[in-house]
Amino acid sequence: MTVEFWGQQFKVNIVVGCLGAFLTAVVASMFGFGGGPFMVPLMTVVLGLPMYLVVGSSLLAIFFNTLMGSVRHIQFGNFDLTLFLVMFPAAILAGFIGPRIAQRVSPQWVKRIAALGLLVLALNLLGLY
């Protein structure tokens with residue numbers, strides 16, 4: 001499939017993209033995170049899309065993953081209203097500030113920072129940090 005964005009065309013393997021997004025949604029719903037640590041590498045490394053296209057697309061996809069996972073966790077009783085009320089305004093504010101920072105930083109540095117964040121996350125999940 002060919003995707004056109006701002007006059008540029010990109011070839012994307014739709015089967016790989018759909019399968020990767022499905023697996024990301026399943027894992028994200030199981031473990032309670034948005035899926036961004038997997039969606040961004042899937043779209044940049046595997047599908048070969050540029051970072052400026054991936055960020056918005058990833059956020060939209062993660063929104064639906066997170067929404068459905070949140071609904072199910074609320075149904076199971078895994079919901080803390082106080083924690084939500086503390087984190088929600090911070091997430092909204094960060095959603096406005098983050099893209100402004102990324103706009104001023106080169107795409108190479110954005111990728112490096114993302115890789116560092118993934119490394120820290122992986123070490124934390126393994127209990128090494």
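Biologist: Which residues make up the largest nonpolar core?
Modeller: This is a predicted model, where local features need pLDDT of at least 70, side-chain atom pairs count only at pLDDT 80 or more, and totals for chains, interfaces and linings use all residues. Residues are numbered from 1 along each chain as its sequence is written, and side-chain values use heavy atoms, leaving out hydrogens and water. A nonpolar core is a set of buried Ala, Val, Leu, Ile, Met, Phe, Trp, Tyr and Cys residues joined through side-chain atoms within 4.5 Å, buried being under 20% relative accessible area, exposed over 50% and partly exposed in between (1.4 Å probe, protein chains only). The 10 residues are Phe10, Val12, Met39, Leu42, Met43, Leu47, Leu49, Leu53, Val54 and Ile62.

Biologist: Happy with that! Which helices each supply at least two residues of this core?
Modeller: Helices (H or I, at least four residues) and strands (E, at least two) are DSSP runs, numbered from the N terminus. By that count the chain has five helices and two strands. The helices you want are α2 (36–46) and α3 (51–75).

Biologist: Against which helices do the buried residues of α2 pack?
Modeller: Those buried residues are Gly36, Met39, Leu42, Met43 and Thr44. With contact meaning heavy atoms within 4.5 Å, they pack against α1 and α3.

Biologist: And Ile14, why does it count as partly exposed?
Modeller: Ile14 sits in helix α1, residues 14–31. In space, its C-alpha is 6.3 Å from that of Met1, 13 residues away in sequence. Ile14 counts as partly exposed because its relative accessibility is 41%.
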